[in-house]
Amino acid sequence: MTKSIGERELVLGILLEVTESGKYSHLVLRDVLDKYQYLDKKERAFITRVTEGTLEHMIELDYILNQFSKVKVMKMKPVIRNILRSAVYQLKYMESVPNSASCNEAVKLAVKKGFGSLRGFVNGVLRNVARNLDQIEYPKEPMENLSVQYSMPVWILRLWFQTYDRETVEAMLKYFQSEPPLTVRCRNVEMLKECLAQEGVCAERHPYLPYALCLSGYDYLGNLKSFQEGAFSVQDISSMLVCEIANPKAGDRVIDVCAAPGGKSLHMAEILDGSGHVEARDLTPYKVELIQQNIERTGLKNITAVCQDALEYDAKSVEKADIVLADLPCSGLGVLGKKTDLKYNATKEGCEKLVQLQREILAVVHQYVKQGGTLVYSTCTINPAENIENIHWFLKEYPQFELVDIQDSVCEELKKAVTEKGCLQLLPGIHKSDGFFIACMKKNSVR
C-alpha cells in the first residue's frame, strides 16, 4: 500500500511550522513522531535527522542556495525554500542518500504541494548544487566565515568573543553540531543498565555523577518500558548538578519557582528520599500539567505541582524555604544543539529584556529563603549578562546573601569551572554537558 504522506513531506511540514509560524522545533518534531508512530525506526530516524540537520545548518544552506539561484532564498515561496533547504542538507551531509534521490524527491514534493510550474527551477538549482558542492567558496572575513560554516548568527559570535577565545568558541560551535548521547538520571544504575540492555539500548556511566547514564541506540523513548515505569528521568548532567550544589538535607522544604517540566524538582524529591517537601511551581496550567505527569510517572510523594507566577509576591512563602531553586527563563544560548531554532529567534535586545526579567524574579523569590537557607540561581545560557553579571547585581542589592564555596560539590574535572567561589560556568564542547550556569548563595543575618 502506498503511503499517503512520505518522510520528506513530514519534514517539510515541520520546517514550515518552525520557520514560518515560529513554533519550537523540538515540540513540533515530537508531535509529528507521536502522531505517526506507525513509521519504522529508519523512517523516524530520517525525519529526525533531516529536520534537525536542516535547521542546524540553515545559514550555511541558504548561503549555498544563494550561490546557485537567481532568486535569493528569502524571495522564494516558503514551501520552495524549505524543500530546497532540506534537499541541499541531504546533498551535503547525507552520503547514504543518492544525489538523484534528493533532487528527484524534491521536485516531486514541489509538484505535490501545487508548485508544478517551478519543477524546472527546483531541479535546476539542486542539480547545479550537486555538481558544484566541492567548489563552494566560503566568506573570507573571519566572523562571517564562522557564521556560515557553523550556521551561527554573527551577533551571537560577537557576544561570545567578548568573553572567550577563538579556540573555545569553535569548540562550542562544533559541539552544537554534534550528536551527544541522551543523559538520564536514575535511582539504581546497575538495575537500569540491565533493563535497558534487554530493551536494546546502550547505557554508559557519565563521568560527572554516579547516578547519571548516557543513552544511545534507542528509537522512541516513550516506548521504553523502563521509561514508562519511571525508572529514569531525562535530564542533562548540568541540570543534575543544580541539586548537587544545592545540597538538600532530610526534611528540607524546597520551592522551585520555574520548575517545568520538573526535572530539578523531581531530583530534589529523590534526594530527600520521602522526607521534606518540594513545591514545583510554574506560570501556566499547561506547564504545571507537564510537571504533574512526571510526578505521576515517577511515583514520588513528597512533591506537589502548583500554578504560581514567579513575579507575583507570595506572602505565605516568605522565609519558609530551606532551598529556593531559581532556574529562570533565559536566552538558551547554552542548549543551541538541542533547540536549534533558538539561535534564529534570539536577539540582542531580547537577551537584554531577559536580564531585566531575571532580576525582577530574583527580587521577589529571594524573600522565600529562610535565615541560613540557600538560593540557587541557574540558567542554560553562556551569556555573562544573564549569569555572573546578574549575580554581581544581586549580591549588591541584597547583601544578606553571600556566595557559598561549591568546590566540594563538583567532581575533580569541574573544579576549574568554578568561578568566584560560588559560581559554576559549564561550556559545551569544553565540558561534557550543555552550556549552563549555577550560582549558590546563602542567606545570612541582615548587615
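# A walk through a predicted structure

The axes of helix H4 and helix H8 (residues 142-150) cross at roughly 100 degrees and come within 5 Å of each other. Those two helices are therefore roughly perpendicular, since angles from 65 to 115 degrees fall into that class. On the H4 side, the contact is made by Ile59, Glu60 and Tyr63, and on the H8 side by Ser147, Val148 and Gln149. Sorted by class, the contact of H4 with H8 has three nonpolar, two polar and one charged residues. Please keep in mind as you look around that this is a predicted model.

The residues of the contact of H4 with H5 divide into eight nonpolar, no polar and four charged.

How far apart are the end C-alpha atoms of H5? They are 22 Å apart, and this agrees with the 22 Å that 16 residues should span at 1.5 Å a residue. Helix H5 is also largely enclosed by the rest of the structure, because 13 of its 16 residues are buried.

## Another enclosed helix

Helix H13 (residues 237-246) is largely enclosed too, because nine of its ten residues are buried. The buried residues include Ile237, Met240, Leu241, Val242 and Ile245, along with Ser238 and Ser239. Just after H13 comes Asn247, with a positive phi of about 55 degrees.

Most residues other than glycine have a negative phi, and most peptide bonds are trans.

Where is the cis peptide bond that joins Ala260 to a proline? The bond links Ala260 and Pro261, and omega is about 0 degrees. Pro261 is found in the loop between strand S5 (253-256) and helix H14 (263-272).

Glu279 lies in strand S6 (residues 277-282). Is this glutamate buried or exposed? Its relative accessibility is 13%, so Glu279 counts as buried, the limit being under 20%. The side chains of Glu279 and Arg281 are joined by a polar contact of 2.6 Å. Beyond its neighbours within four places in sequence, Glu279 is in contact with Arg253, Val254, Ile255 and Asp256, and also with Thr304 and Val306.

Next comes Asn390, which has its place in helix H18 (residues 388-397). At 0% relative accessibility, Asn390 counts as buried. Its side chain is joined to the side chain of Gln358 by a polar contact of 2.8 Å. Not counting residues up to four places away in sequence, Asn390 touches Val355, Gln358, Arg359, Tyr377, Pro384 and Ala385.

The last stop is Gly332, in the loop between S8 and helix H16 (342-345). With a relative accessible area of 3%, Gly332 is buried. Which residues does Gly332 contact, leaving aside its neighbours within four places in sequence? They are Leu342, Cys380 and Thr381. Gly332 and Ile388 are 56 residues apart along the chain, and their C-alpha atoms are separated by 15 Å.

Notes
Residues are numbered from 1 along each chain as its sequence is written. This is a predicted model: local features need pLDDT of at least 70, side-chain atom pairs count only at pLDDT 80 or more; totals for chains, interfaces and linings use all residues. Side-chain values use heavy atoms; hydrogens and water are left out. Helices (H or I, at least four residues) and strands (E, at least two) are DSSP runs, numbered from the N terminus. Buried means under 20% relative accessible area, exposed over 50%, partly exposed in between (1.4 Å probe, protein chains only). A polar contact is a pair of N or O atoms within 3.5 Å; within protein, one must be able to donate a hydrogen and the other to accept it, and residues adjacent in sequence count only if both atoms are side-chain atoms. Contact means heavy atoms within 4.5 Å. Ala, Val, Leu, Ile, Met, Phe, Trp, Tyr, Cys and Pro count as nonpolar, Asp, Glu, Lys and Arg as charged, and the others, Gly among them, as polar. The expected span of a helix is 1.5 Å times one less than its number of residues. Axes are lines fitted to C-alpha atoms, for helices over the stretch in contact, and angles run from 0 to 180 degrees between N-to-C directions. Angles under 35 degrees count as roughly parallel, over 145 as roughly antiparallel, 65 to 115 as roughly perpendicular and the rest as oblique.
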